[in-house]
Structure formats: structure tokens, C-alpha cells
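This report covers a single protein chain. The sequence and the model are shown first, and selected local features follow.

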Amino acid sequence: MRKKPEYSFNKEIESKLTGFKAYLQELGNGANTIRQKSNYAGYFLSWLETEHLQPEETRYNDLLSFIDYCKLEVDALSGVEGNSKRHINSKLRSIRNFYEYLKQSNPTIINPASNLNLKGIRQKLPSNIIDFKELENLYQSLETTTNRKKRNKIILGILVYQGVTTEELQQLEPNHLKLKEGKIVVPGNRRRNSRTLELKPFQILGLHEYLTEVRPTILQEITAPRPARKPTKINQSKIENQLFISINGSENIKNSLLHMFKAIQKLNPEILHPKQIRASVITYWLKNHNLRQVQYMAGHKYVSSTERYQLNNLDSLQSKLEKFHPLNNRNI
């Protein structure tokens, strides 16, 4: 007999999650985030039922029992025993969010998951760092023979010189550009802080052309008949507010970036994806600015996130020390 799917809930729990999903949507969470958080909250509510507990009476010690349960549980699909610490922390964050939702109608309720996190999670270190001069050479070598290529060069420039994420690229709007001031405002979200960053002079010229000529042309051509596949429905009002637009009218530029990086890899096979560029840029910044400046420029909420990139500089320094150390020089 097959096990019941992990995130299948009874009608009572589904009813409790309906309001929670609406609450998350009001906070601006995306569809995938809402689905994950409601799944984790529903998972917690299912556990409460087996323990004959109500959310209102659940306390810190009960959450510790829930954590132990997660650690011992066997995954129905993979057969692997025990959730990882990272997975459990994701569930705890969702539980915190659920109690914040409950507090709207019951301000006296205690949030048992408040400040509760498992420690000892190892952060993945940035890897495959590209020398900044290589990134600049790539930017300079990118062709601008079509509107698509002009748009891609503008995007690459913002990745290389402002170190934004793909999520932030998607959120950028034309009014975030302050060309007269030579600056760009990168909006914040729940994961990153907003910041205002300097534009390079050559970026300002390119962005002016993009805003006044390239982007309006792309918008006009979106509805024109063409053999390429187009979305079933184009949200004209939404894409008109986006700084960067997919040529086929999609609200998401993910596929545009995918095709862009396939072209980039033909010029430089070592450059694989936007995250690698961002990691390389932050590593480069740390060689030229202090830690707090780079934290601001990268939009990191916590300085520890920025400090991870210092390890790349330490590795580079260690390599140079080993290369030029007298004991490693055979000519001596």
C-alpha cells in the first residue's frame, strides 16, 4: 500500500490554511513560496492533531518534540531518515509565519517558534569565482546588433557592475533608474535590503538608448504576429512596468536569461550563470571596499552573508603565498 503524500491534508486543516495563504499573498509572497509555507504549516497542524494539541496551546517544549519528530521521520518518497537541519528550519520559519497570521485575530496567542532555529548549518561557500577583468572583457565583447542583444548587454552590465540577483532584475522598473543622478535604485524584499548604487558613465548612455528606443520597440513588437511561441495571454499592464521585457511578452525573464547565458558561454565557457557573476563581483568588491560597504552594495541583511565571500580572498592570498614562498622557489 502506497504511503499518503506528505502534504495531503484533511478538510479541517485545508480550511485553516485558506486564510494563511491569503495572508501570505497580501505580504507579497510568490506562488511557490505560498505553496511551500502552507505545506509546512499544514504539516505542523497535522502533527498537532496526532498529539491532540491546538495551535493556541502549543508551547516551546512542544516545538522541541516536533523537531525530534522531524529528525526521526522517514521520507515517504526517498526513504531517507530524518529531515536536514536546513529543512527543519524552513518548517520552523513557516510555523512562525503561521502564528503571525493567527495573531491578527488573536493578539494574545504565543508564538512558540519565535527565535527558534537549529544551529550548526554549514553555509555553502561561493565557488568558480571569475576574475573581474574577464567579466569586463565579456561585457565589452557582447554584440549589440539587435534589440535583443542590446537588452542583453544592458542586463549583463547591471549584473557585472551592480551585482544584482536575477530576482532583483525581474523586480526592476523604469522609475528605478535615476539617469540624471547616475544611479540605480535596487528594490529590497524579504531576503535582501534595498540600496542605491552608482552607474558607470557608459551604462548611463546605454540605458538612455534602451529606455527611449530599444524598450519601446520591444513593447510594440510583442503583439505583432511572429512564428516564435508566445504566452497564451500577455499581461500588457504588468510588462509595461518592468524594466526588462521578454521578447515574446512573458512576464518572467527567466528564459531570456537562459538563452542569454548560452550565448555568453560561447564567448567564455567558464561563465555559467548569474549567481556566479554576483559571487565574483562581491569578491572583487571586498578587495576594494570595506566589509560594511560591500554588505550595503550587495543588499545583504546580515554581515555574515558578506563575510562568506572573504574566504575567496583568503584562498587567493594563500595561493600567492605558496607560489612565491622562498621554500617553493626552486631557483633559490
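Gln-242 lies in the loop between H9 and helix H10 (254-267). The model is a predicted one. With a relative accessibility of 5%, Gln-242 counts as buried, because the cut-off for buried is under 20%.

The side chain of Gln-242 comes to 3.3 Å from the backbone oxygen of Glu-251. Glu-251 is also among the residues that Gln-242 touches, together with Gln-170, Leu-172, Pro-174 and Arg-215, if residues up to four places away in sequence are not counted. Of these, Arg-215 is one of the buried residues of H8.

## Helix H8

Helix H8 covers residues 201-222. At 1.5 Å a residue, its 22 residues should span 32 Å, and the end C-alpha atoms are 30 Å apart, which agrees. The helix does bend, by about 50°, at Tyr-210.

Tyr-210 is itself among the buried residues of H8. An α-helix has 3.6 residues a turn, so residues three or four places apart point the same way. The cover over the buried residues of H8 includes helix H5 (132-141), helix H6 (147-162), strand E1 (177-178) and helix H9 (236-239).

## Ile-158 in helix H6

Ile-158 is part of helix H6, one of the elements that cover the buried residues of H8. Its relative accessibility is 0%, so Ile-158 counts as buried.

Between Ile-158 and Gln-203 there are 45 residues in sequence, yet the two are 8.3 Å apart in space, C-alpha to C-alpha. Gln-203 is also a contact of Ile-158.

Three strands make an open sheet in the order E1-E2-E3, with antiparallel pairing. E1 and E3 are the edge strands, each pairing on one side only. E1 and E2 are joined by two bridges, and Lys-178 has Lys-183 in E2 as its bridge partner. Strand E2 (residues 183-186) is joined to E3 by four bridges. Here Val-186 stands opposite Arg-195 in E3.

In a regular strand the side chains alternate between the two faces of the sheet. In strand E3 (residues 195-198), Arg-195 and Leu-197 form the covered face, while Thr-196 and Glu-198 form the uncovered one.

## Ser-38 in helix H2

Ser-38 is located in helix H2 (residues 31-50). A relative accessible area of 3% makes Ser-38 buried. A polar atom of the Ser-38 side chain lies 2.8 Å from the backbone oxygen of Ile-34.

Apart from neighbours within four places in sequence, Ser-38 is in contact with Phe-9, Leu-17, Phe-20 and Lys-21.

## The chain as a whole

The secondary structure amounts to 14 helices and three strands. The chain has 332 residues, and buried residues make up 39% of them. Among contacts with a separation of 6 or more, 58% are between residues 24 or more positions apart. The chain exposes about 20200 Å², of which carbon and sulfur atoms supply 50%.

Conventions
Residues numbered from 1 in each chain as written. Predicted model: local features only at pLDDT ≥ 70, side-chain atom pairs only at ≥ 80, totals over all residues. Heavy atoms only, no water. Expected span 1.5 Å × (residues − 1). Bend = angle between axes of the 7 residues up to and from the residue. Buried < 20%, exposed > 50% of the residue type's maximum accessible area, 1.4 Å probe, protein only. Contact = heavy atoms within 4.5 Å. Areas by Shrake-Rupley, 256 points an atom, 1.4 Å probe, with all protein chains shown as cover. Polar contact = N/O pair within 3.5 Å; in protein donor to acceptor, adjacent residues only side chain to side chain. Pairing = 2+ DSSP bridges.
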